[in-house]
Amino acid sequence: MLGLMQDHPLLISSLIDFAQRHHADGEIVSRRVEGDIHRYTWGDVAKRARQVANALDGLNLAFSDRVATLAWNGYRHLEIYFGASGSGRVLHTLNPRLHPDQVVWIANHAEDQVLCFDMSFLPIVQAVHSRCPTIKTYVALCDADKLPTDSGIPHLLSYEAWIGKQPSTYVWPTFDENSASSMCYTSGTTGNPKAALYSHRSTLLHAYAAALPDVMCISARDAILPVVPMFHVNAWGIPYSAALTGAKLVFPGGAMDGKSIYELIEAEGVTYSAGVPTVWQMMLTHMKTNNLKFGTMTRTVIGGSACPPAMIRAFNDDYGVEVLHAWGMTEMSPLGTLCTLKNKQLKLPPDAQMQIRLKQGRAIFGVDMKIVDEAGNELPWDGKTYGDLLVKGPWVLGAYFKGEGGDPLVNGWFPTGDVATIDADGFMQITDRSKDVIKSGGEWISSIDIENIAMAHPAVMMAACIGMPHPKWDERPIVAVVKRPDMAVSRDELLQFFEGKTAKWQIPDDVVFVDAIPLGATGKMQKMKLREELKNYQLPSL
Ligand code: ADP
């Protein structure tokens, strides 16, 4: 017997319809690449998303054709999110921090038809357009009078002129909720990038789940500034959850430095933010140097790579901001776990609470997880035993776009490539990425643990731990450190700092001071590149 409830597909267009009907006056504030501040409302987003849909129809795009963007976080990008997916096309957010050759490869692989780009990315488009045969239309996200006449890009349109001609009425089509809605390529640290292809259903379920109190806790009371880019797994789903709840959105545009973001947070009464640790590191340095405090901000989600305890403490103790440590992947839309404490844990002393906050957190309903040994046997949830982390659920990838890489699943589970423990309360903690874990004398050393200790030293701005080949131990850890410009610390002092904080054999063999640690297109440390940079390095004991 089937249930007798109405059968409505979960479609992204319903989010923007809902936003228009229920919180049309909710604010969207953007720092534009033009430099000024732009303000409008969810009602305006809904109208202009319909104009985008009409404009795409005018290009005779078919259902599921790809509409690519090369854009910062901003209101026009948001309109394309809803206009492209809502009209049945697939939104493809390209990462502008990639090398132009990679952009070409990805755009061709995706068979993008349209490319909408912020003017700051004009040089990238100029470098790639002649090698992207599937892209028929280029749209610069600007007013008609700002359109360059000598760009060399064929069929270049101004976004405002393009959508300005279109009616703001549009009947969103109804179709199967499992239809593709958007796509995002992984960074492809091994081999070519592969794309996760999200569906309307997976996106809506993720949007519901992300808004839950024990997850991102997004509500109409919030003003959210997503520092995480809209080209990095759809800004972790925030645009969708904000439309669903009526949260105010504040977009930083291209001004991603600590000072500009801080000023926007204060000016717009931002309560809530989200980003990778490296971005927050810049922000905290700016705030410390200038003796600044937050007026309204109370929470921030930090994920994408392990959040160092020193950062969680600084946010909490110095600035009164609760850090919600999160873990996820491009292949998971991206949320998998969030670290929010249970009632009984709130009664624990601060240090014990901190030990829990360091973990990547509890699985969200919709994500099932387990850890397994090399033979695939499930391991206990005791907080100590570590194993390969596998996940499954309705917003977890089942196959890559075009079947790249073959079947990624193992008995229906997606292997994350992360090594983790899970405790009896269900809190998962990443030990390492399996390719970054250091194998010394048959034992494993977590590079994240070593980095966390180094980052707790006041003179350390950034730290990356990697294994170096060793004839006796296989590998020994060393730590590459970027010092704070205004402080001094020696190699020996830093090595001494590790004493008593970890087992003696896990203490790195050396500290290498570097000017910078290579960061990838999503702001994560690129250890492969660092290993390459240090290829002539010799361990002191050899
Ligand atoms: P990419 O794989 O392209 O770098 P993703 O954003 O998909 O981009 O990265 C997912 C990986 O990032 C995870 O598998 C994990 O290794 C790492 N990661 C994400 N969040 C955290 C976190 N909070 N702590 C530690 N590692 C994390």
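**Group meeting: a walk through the model**

The protein is divided into two domains: domain 1 covers 277-288 + 301-435, and domain 2 covers 443-533. Those bounds come from an automatic or database domain assignment. A word on the source. This is a predicted model, where local features need pLDDT of at least 70, side-chain atom pairs count only at pLDDT 80 or more, and totals for chains, interfaces and linings use all residues. Residues are numbered from 1 along each chain as its sequence is written, and side-chain values use heavy atoms, with hydrogens and water left out.

Back to the domains. The C-alpha centres of domain 1 and domain 2 lie 21 Å apart. How many residues of domain 1 are in contact with domain 2? It is 18, and they meet 15 residues of domain 2. Contact here means heavy atoms within 4.5 Å. Domain 1 and domain 2 bury about 1400 Å² between them. Of that area, 60% is on carbon and sulfur atoms. In domain 1, T278, Q281 and D432 lose the most area to domain 2, together 29% of what that side buries. Buried area is the accessible area (1.4 Å probe) that two parts lose on being put together, summed over both.

Next, a pair of helices. Two packed helices are described by the angle between their axes and the distance between the axes. Take helix α3 (residues 75-86) and helix α9 (residues 238-245): their axes come within 11 Å and cross at roughly 80°. So α3 is roughly perpendicular to α9. On the terms: helices (H or I, at least four residues) and strands (E, at least two) are DSSP runs, numbered from the N terminus. Axes are lines fitted to C-alpha atoms, for helices over the stretch in contact, with angles from 0 to 180 degrees between N-to-C directions. Under 35 degrees counts as roughly parallel, over 145 as roughly antiparallel, 65 to 115 as roughly perpendicular, and the rest as oblique.

Which residues meet there? From α3 come L78, Y81 and F82; from α9 come P239, Y240 and A243. The residues of this α3 and α9 contact divide into six nonpolar, no polar and no charged. Ala, Val, Leu, Ile, Met, Phe, Trp, Tyr, Cys and Pro count as nonpolar, Asp, Glu, Lys and Arg as charged, and the others, Gly among them, as polar.

Now the backbone. Most residues other than glycine have a negative phi, and most peptide bonds are trans. The peptide bond from S333 to P334 is cis, with omega near 5°. P334 sits in the loop between β14 (322-328) and β15 (335-338).

Then phi. H155 has a positive value, near 55°. Its place is the loop between β6 (137-140) and β7 (156-158). V233 has a positive phi too, near 45°. V233 lies in helix α8 (residues 233-236). Buried or exposed? H155 counts as exposed because its relative accessibility is 60%. V233, at 1%, is buried. The cut-offs: buried is under 20% relative accessible area, exposed over 50%, partly exposed in between (1.4 Å probe, protein chains only).

Two last residues. F63 is in the loop between α2 (42-58) and β3 (66-70). At 45%, F63 is partly exposed. Beyond its neighbours within four places in sequence, F63 contacts G88, F175 and S179. The C-alpha atoms of F63 and R89, 26 residues apart along the chain, are separated by 5.5 Å. S260 lies in helix α10 (residues 258-267). S260 counts as buried, at 14% relative accessibility. Setting aside residues up to four places away in sequence, S260 touches R31 and A255.
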